[in-house]
Amino acid sequence: MSQSLIQPVAELALTGDLARPARLTVPDLLGWPQHRVRVTFDCATSGPQHHHFTGPRLYDVLTDAGPGFDPRRRKDRLRFLIAVTGTDGHHALLTWAEIDPDFAHAPVLLAASIDDTPLDLAGPQLVLPQDRCGARYISGISAIRVDGGYPGP
Ligand SMILES: Nc1nc2c(c(=O)[nH]1)N[C@H]1C(S)=C(S)[C@@H](COP(=O)(O)O)O[C@H]1N2
Ligand SMILES: [Mo]
């Protein structure tokens with residue numbers, strides 16, 4: 001009856017080499033420690049953009065999903081890729097080592113809000129303060145796949 005009034009809630013699928021694959025909404029992301037960052041990035045078509053974002057660390061969310069490496073062996077993590085896809089098909093890769101505190105420790109966020117506007121309906125946005133260019137700031141994230149490739153020796 002009132003079905004047409006129900007707003008679609010964006011869901012993010014965490015899949016791949018994970019012990020605990022999950023489907024997360026933006027409100028679910030508020031369950032991790034929240035970080036706030038101000039960033040400037042350059043867009044090739046519209047120039048410098050300034051925003052502030054809040055949300056959990058990508059590292060914290062993915063670690064809780066149980067990536068399939070031996071956490072005691074640092075070298076075992078180096079084969080893992082993180083593939084991030086938006087609802088429009090925009091797609092980018094990170095490596096696990098990029099966000100791992102034992103390696104590059106980049107403070108990448110899975111933002112739940114942009115400029116104090118919640119992203120509940122649009123879906124979370126990837127925030128990479130280390131990037132000069134805006135192209136990996138994927139908005140409307142629908143899927144994150146963790147891929148360990150071939151097991152190491
Ligand atoms: N889903 C999705 N996210 C995206 C893009 C896109 O095409 N699709 N473009 C990227 C690019 S090139 C830039 S510069 C920033 C633009 O962010 P803004 O629209 O807030 O300026 O979003 C990034 N995120
Ligand atoms: Mo851009």
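A polar contact here is a pair of N or O atoms within 3.5 Å; inside the protein, one of them must be able to donate a hydrogen and the other to accept it, and residues adjacent in sequence count only if both atoms are side-chain atoms. Keep that in mind while we look at ligand 1, where a polar side-chain atom of His-51 sits 3.2 Å from an oxygen atom of the ligand. On its own, ligand 1 would expose 530 Å², and the protein buries 68% of that (areas by the Shrake-Rupley method with a 1.4 Å probe; for residues, only the protein chains shown count as cover).

A word on what you are looking at. This is a predicted model, in which local features need pLDDT of at least 70 and side-chain atom pairs count only at pLDDT 80 or more, while totals for chains, interfaces and linings use all residues. Residues are numbered from 1 along each chain as its sequence is written, chains are lettered from A and ligands numbered from 1 in the order written, and side-chain values use heavy atoms, leaving out hydrogens and water.

Back to the ligand and its neighbours, meaning residues with a heavy atom within 4 Å. Among them are Phe-41, Gln-49, His-51, Asp-88 and Tyr-137. The shell splits into five nonpolar residues, five polar and one charged (Ala, Val, Leu, Ile, Met, Phe, Trp, Tyr, Cys and Pro count as nonpolar, Asp, Glu, Lys and Arg as charged, and the others, Gly among them, as polar).

Now follow Tyr-137 to its ring partner. Rings of Phe, Tyr and Trp (its six-membered ring) pair if their centres lie within 6.5 Å, and planes under 30 degrees apart are stacked, over 60 edge-to-face, the rest tilted. That gives five aromatic pairs. Phe-53 and Tyr-137 make a tilted one, 6.1 Å centre to centre with 40 degrees between the planes. Phe-53 belongs to strand E4 and Tyr-137 to the loop between strands E10 (125–127) and E11 (141–147), so this pair ties together parts 84 residues apart in sequence. Helices (H or I, at least four residues) and strands (E, at least two) are DSSP runs numbered from the N terminus. Both Phe-53 and Tyr-137 are buried (under 20% relative accessible area, with exposed over 50% and partly exposed in between; 1.4 Å probe, protein chains only).

Elsewhere, Phe-69 and Trp-96 have ring centres 5.1 Å apart and planes at 65 degrees, so they pair edge-to-face. Phe-69 is buried at 13% relative accessible area, and Trp-96 is buried at 1%. Ring pairs also gather Tyr-59, Phe-69, Phe-80 and Trp-96 into a cluster.

Finally, the sheet. Two strands pair if DSSP finds at least two bridges between them. Four strands form an open sheet in the order E3-E4-E8-E9, with antiparallel pairing, and E3 and E9 are its edges, each pairing on one side only. E8 and E9 are joined by two bridges, and Ser-113 stands opposite Pro-118 in E9. In the loop between E8 (113–114) and E9 (117–118) you'll find Asp-116. Though not a glycine, Asp-116 has a positive phi of about 70 degrees, and this residue is exposed at 53% relative accessible area.
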